[in-house]
Amino acid sequence: MDSVPPPQVEEDQKGLGEGMRINNETSKNTKKNNIKKKKSYLPKFGCFRIEYDATGESFDIEVVDDSGQRPNPTHLIIMVNGLIGSAKDWKFAAKQILKRYPHDTIVHCSESNSAKLTFDGVDVMGDRLAEEVTSVVKRHPSVQKISFVGHSLGGMVSRYAIAKLYGKDISMKLSEGNGHIESQNSEKECHERKYEGLIAGLEPINFITFATPHLGSRGHKQIPMLCGFRPLEKAAFRFSGIFGKTGKHLILADKDNGKPPLLLQMVRDTEDIKFMSALRSFKRRVAYANVRYDKLVGWSTSSIRRKNELPKRRNLSRHENYRHIVNIEIAKSVPVGIPTESEVNSGSGKLDWEEEMIRGLTTMSWDRIDVKFSGMKQRFLAHCTIQVTNYCIEFEGVDVVQHMVDNFRL
């Protein structure tokens with residue numbers, strides 16, 4: 001059997017300010033005065049350091065100075081890809097964060113759920129991500145805070161993973177069955193008190209999603225490529241299994257052991273796993289949503305709004321600094337009663353599933369950032385452009401990523 005390859009280290013020589021590597025001496029001399037003027041507000045570092053794990057797939061990105069010394073970052077940022085994605089999808093955005101906050105942050109681009117593994121279901125993927133985050137936190141003992149950034153399905157997987165990590169002591173192994181810590185009952189209560197309100201033992205700060213189907217893809221017009229034709233939407237329900245267990249979760253076609261669909265379970269706390277407490281523990285929650293041209297995820301489900309609450313398109317206008325952002329809404333939480341499991345299981349139909357998810361998720365505040373790519377070819381790739389999956393193709397989304405970076409809370 002081949003041995004597991006050692007971690008790989010790659011250094012990217014792109015930096016900012018005084019730390020920028022300029023080989024051309026003439027250019028360096030001519031720009032000397034400008035550099036002096038900028039040194040007061042530009043970060044000083046030499047290059048990015050990209051360290052791959054033993055598999056060579058997931059990686060951490062951090063900043064090192066010219067001598068190769070790394071700072072002691074206190075804020076860990078976990079970036080999670082979407083359906084059939086990979087860690088590389090977040091590479092551009094990760095570098096923008098580090099350029100802005102070189103000494104405070106370390107970014108981990110997750111690879112525990114990539115390619116066909118994204119068909120395994122939100123719960124299985126969430127378990128894998130939780131285990132991956134645990135190992136990353138152990139590798140970086142200096143971190144004190146944690147944030148999550150998810151694209152599309154990655155946002156749902158992150159919601160599941162944070163619930164698994166909520167209030168948990170990562171020095172203890174997570175049970176594969178129900179998320180409990182494998183410890184003696186006499187110690188359990190003490191652990192819960194010590195880690196209450198923490199994610200993997202760290203202070204939760206930002207929870208950010210890009211084009212994530214928070215309400216699933218079952219509702220009318222929630223899959224824009226079907227053009228709102230109800231026969232096609234019914235067909236999507238029947239053939240959701242094409243995307244494995246994940247497809248059934250997103251279309252709310254799963255009912256394991258008589259339980260309600262997983263996405264409904266994820267809008268309340270249960271005895272075993274605290275979905276809502278985990279999400280509420282973050283200082284800030286943000287949903288970036290495509291107004292048009294996203295063929296996979298509808299505006300309503302990605303912005304967590306009822307369809308009659310969506311802003312009128314005629315009232316949308318471009319932001320002066322971020323030209324593809326057309327609306328910014330910072331909402332206050334409005335406490336609404338969440339239905340009990342008995343009400344859902346009864347099948348009485350008193351409360352629509354989509355309405356239940358909206359009520360649950362809006363018991364806490366969300367910043368909603370509406371994005372519209374129009375007048376350029378990239379609009380037809382809006383689902384990926386909003387993330388800048390590939391800079392050469394989806395560069396129009398740079399301002400959206402920059403907005404996320406500029407408003408990131410350390």
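**Buried helix faces and strand pairing in the predicted model**

The buried residues of helix 4 are Val-122, Asp-123, Met-125, Gly-126, Leu-129, Ala-130, Glu-132, Val-133, Thr-134, Val-136 and Val-137. Helix 4 covers residues 122–139 and holds 18 residues. From its first C-alpha to its last it reaches 26 Å, close to the 26 Å expected at 1.5 Å a residue. In an α-helix there are 3.6 residues a turn, so residues three or four places apart point the same way. The buried set of helix 4 includes Val-122, Met-125, Leu-129 and Val-133.

The protein chain has 410 residues, and buried residues make up 51% of them. It contains 16 helices and ten strands. Among contacts with a separation of 6 or more, 74% link residues 24 or more positions apart.

Strand 5 (residues 105–109) is mostly covered, with five of its five residues buried. Thr-105, Val-107 and Cys-109 point one way from the strand. Ile-106 and His-108 point the other way. Both sets are buried. Strand 5 pairs with strand 3 (residues 59–64) and runs antiparallel to it, joined by three bridges. Here Asp-60 stands opposite His-108. Strand 5 also pairs with strand 4 (residues 75–80), in the parallel sense, through five bridges. In this pairing the bridge partner of Ile-78 is His-108. The chain passes from strand 4 through helix 3 to strand 5, and this β-α-β crossover is right-handed.

Helix 3 (residues 91–100) includes Gln-96. The relative accessible area of Gln-96 is 14%, so this residue is buried, the cut-off being under 20%. Apart from neighbours within four places in sequence, Gln-96 is in contact with Val-401, Gln-402 and Val-405.

Strand 7 (residues 203–210) is largely enclosed by the rest of the structure, because seven of its eight residues are buried. Strand 7 pairs with strand 6 (residues 145–151) in the parallel sense, over six bridges. Thr-209 in strand 7 is the bridge partner of Gly-150. The pairing of strand 7 with strand 8 (residues 284–290) is also parallel, over five bridges. There, Thr-209 stands opposite Ala-287 in strand 8.

Note on methods. Residues are numbered from 1 along each chain as its sequence is written. This is a predicted model: local features need pLDDT of at least 70, side-chain atom pairs count only at pLDDT 80 or more; totals for chains, interfaces and linings use all residues. Side-chain values use heavy atoms; hydrogens and water are left out. Buried means under 20% relative accessible area, exposed over 50%, partly exposed in between (1.4 Å probe, protein chains only). Helices (H or I, at least four residues) and strands (E, at least two) are DSSP runs, numbered from the N terminus. Two strands pair if DSSP finds at least two bridges between them. The expected span of a helix is 1.5 Å times one less than its number of residues. Contact means heavy atoms within 4.5 Å. A crossover is right-handed if, with the strands pointing away from the viewer, the path from the first strand over the helix to the second runs clockwise.
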